[in-house]
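Subject: Structure handover

Hello,

Here is the structure you asked for. Please open it beside this email; my notes follow below.

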Amino acid sequence: MLGIHGDNAPMNTERPAFVWTIAGSDSGGGAGIQADLATIQDLGCHGCSVVTTVTAQSSVAVTLVEPVSAAMLMAQLTTLLSDLPPKAIKIGLLADQTQVALLADWIASFKIHYPSVPVIVDPVMVASCGDALAVDNCQDIKSEAKSALDFKPFKGLIELITPNVLELGRLTHSDVSTKAQFAAAALALSQSLDCSVLAKGGDVSFGCTDILDDTHAQTHANALDTAYKSNGWDLELAEDYLVCRQVRASSELHQNGRFWLASQRVNTRHNHGSGCTLSSAIAAVLAQGFVLQDAVVVAKAYVSQGLSAAMGLGQGPGPLARTGWPNDVSRYAKINLCDGNFISYQLNQHLDVGNDLVATVLSATDQATAQVRIASTPPQNILSHGFKVLNADLGVYPVVSDLTMLEILLAAGVKTVQLRIKTDISELTTAGLAESDLGKSALSRCESGKSKSGEPELIGSELEAQIQTAIALGKHFNAQLFINDHWQLAIKYHAFGVHLGQEDLAVTDLAAIQAAGLALGISSHSYFELLLAHRYSPSYIALGHIFPTTTKQMPSAPQGLAKLKHYVALLQGHYPLVAIGGIDLTNLAKVKATGVGNIAVVRAITKAKDPLAAFAELSQAWEQCSLSEELAVKHEVAKHE
């Protein structure tokens, strides 16, 4: 049976997640409920609709707007909830303040029973053609007496609001002409509504939908470009500002971060319904268990694809194309961290200069330069070719914490291994950290890793001696030995490579690692972190944790096989990708079926009665999976010849 896009993939028989869209009907089919439902289905969910408003609309005009009655609005909500409860809700066009109040009251009651269901608000006020949509109980849509809706009743009830430039200005009653004003307004809106904000800068032309369409007016284009740059904008980019506010299931590093998301601007006037598409795509991705930051970057890539393939249907701007889940990394936004996200996190969590432990771990130079290493070494300071390219897949990649086991594995012929020195005497905590994250902040582990006397373990000369010995062993056995976290010592003793967690990037000199010729592996736990790692072109990227771990409570949920498959589809042609977290013989074949080329294992080897035998068994099973996969592909090719 053919899949949804007509390929030969088998039809997914699992019940899709339910996503609600509460919005207006666009009789032209390009925006509103119609665009939402098309997007939700295209991204693998089942869409349900609650109609707030009926519009008489085409690609060139909106001639009449009529809100549904309060009774009809509430009846739709009640009837749907009794049978098809949502995994995510998108709210679009609300006709008047009465609907805002009614819906806010309903959400407050809904959240009592469904507290984890995210609600996304797209504060639609103006159609693509320029006509107003919110009517404030006035059916004459051309009336000048209308005022912007007040969304304050939604305070504390929603997860995200997605205003464009015009909407952001109206909601905050502020001038958003410059990029700095735009960012300040987004932050103010986040604080006033107690939610995250995605401020969309794609329409910085302030209402003109075809600013790049006048190819003959070069003088005008040059003047426009100059004006944009003077206000901080780049005419070639569509730049959105994401303000995160206590994002659930997200890394502590990012749950309250602020980021610029920059994509190449698509030169098209066919952008009807782009805002509706973006917000409903965010809801659809959230409904499938991704964190908010992931949903935003996936949805933004989806819109970029849709704009690129859009075409005109009527006389005005055409709707976005529905192109399926975005797997082209070039469509994804470049993430620029701002406002000192990393530094504020590190200073708040770790860099207390009065702390003797920090003084032990970080030199005075490190402490001084940490202030200027915002978001780690800027990607532009990393050479264009990135880090060392690995010649072969890693296969089964053991992560060990002591020299004895390291030497046993190396002597038996293991060619790639990571040393993660224990800094916590609790074996359960250590195992959990290693299993769920190939690299956590060395500082955070050291702060908790103390002996009964209160002193940290393996700090200073003892730590250095062990790492020096480990690197010597790696060279002796001609192996690819990665040192977790301790990049200064890895450089000093010429290790093969270094592995870092996302938190470590803030206090690591990546340019020094690259200049020393070391390979670099980076951990990731989401699309968002995957894209952050991709900025540096590392030697490999680790993806985890895939399965639940029993040894450590993590802020993020297990990624699972479905997410792993998405990550592999995005970057498998760019780097070796390494899955980690709860992988053993019982689930190894399922992991392999996602297409990932490598697995990192911790407990399956380190807790085995015979670690060497366990490694051999895992390696053999992994190779057999690879062989079976290769034979299946050859069989499929032969069938079509």
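Glutamate 159 and lysine 111 are both buried (buried means under 20% relative accessible area, exposed over 50%, partly exposed in between, with a 1.4 Å probe and protein chains only). The two form a salt bridge, with the closest N and O atoms 3.1 Å apart (a salt bridge is a side-chain nitrogen of Lys or Arg within 4 Å of a carboxyl oxygen of Asp or Glu). Glutamate 159 sits in the loop between β5 (119-121) and β6 (160-161), and lysine 111 in helix α3 (residues 97-113), so the pair ties together parts that are 48 residues apart in sequence. Helices (H or I, at least four residues) and strands (E, at least two) are DSSP runs, numbered from the N terminus. Lys111 and Glu159 also belong to a network of salt bridges that includes Arg248.

Before you go further, two notes on the source. This is a predicted model, in which local features need pLDDT of at least 70 and side-chain atom pairs count only at pLDDT 80 or more, while totals for chains, interfaces and linings use all residues. Residues are numbered from 1 along each chain as its sequence is written, and side-chain values use heavy atoms, with hydrogens and water left out.

Another one joins lysine 300 and aspartate 240, with the closest N and O atoms 3.0 Å apart. Lysine 300 is in helix α8 (residues 292-308) and aspartate 240 in strand β8 (residues 237-243), so this pair ties together parts that are 60 residues apart in sequence. Both lysine 300 and aspartate 240 are buried.

Glutamate 464 and lysine 492 also meet in a salt bridge, at 2.7 Å from N to O. Glutamate 464 is in helix α15 (residues 461-476) and lysine 492 in helix α16 (residues 487-492), 28 residues apart. Glutamate 464 is partly exposed, with a relative accessible area of 22%. Lysine 492 is partly exposed too, at 49%.

The sheet

An open sheet of 10 strands has mixed pairing and the order β3-β2-β1-β4-β5-β6-β7-β8-β9-β10. Strands pair if DSSP finds at least two bridges between them. Which strands stand at the edges? They are β3 (62-67) and β10 (334-337); each has a single partner strand, so one side of each is left without a neighbour in the sheet. β5 and β6 run parallel and are joined by two bridges. Valine 121 has isoleucine 161 in β6 as its bridge partner.

Helix α1 (residues 32-42) lies across β1 (18-26), β2 (46-57) and β4 (88-91), and runs at about 150° to β1. Helix α7 (residues 274-287) packs on the sheet and touches β1, β4, β5, β6 and β7 (196-199). The direction of α7 makes about 170° with that of β4. Axes are lines fitted to C-alpha atoms, for helices over the stretch in contact, and angles run from 0 to 180 degrees between N-to-C directions. Contact means heavy atoms within 4.5 Å.

A loop residue

Valine 60 lies in the loop between β2 and β3. Valine 60 is partly exposed, with a relative accessible area of 46%. Valine 60 and glycine 314 are 254 residues apart in sequence and 8.0 Å apart in space, C-alpha to C-alpha.

The whole chain

The protein chain has 22 helices and 18 strands. Of its 641 residues, 54% are buried.

Best wishes
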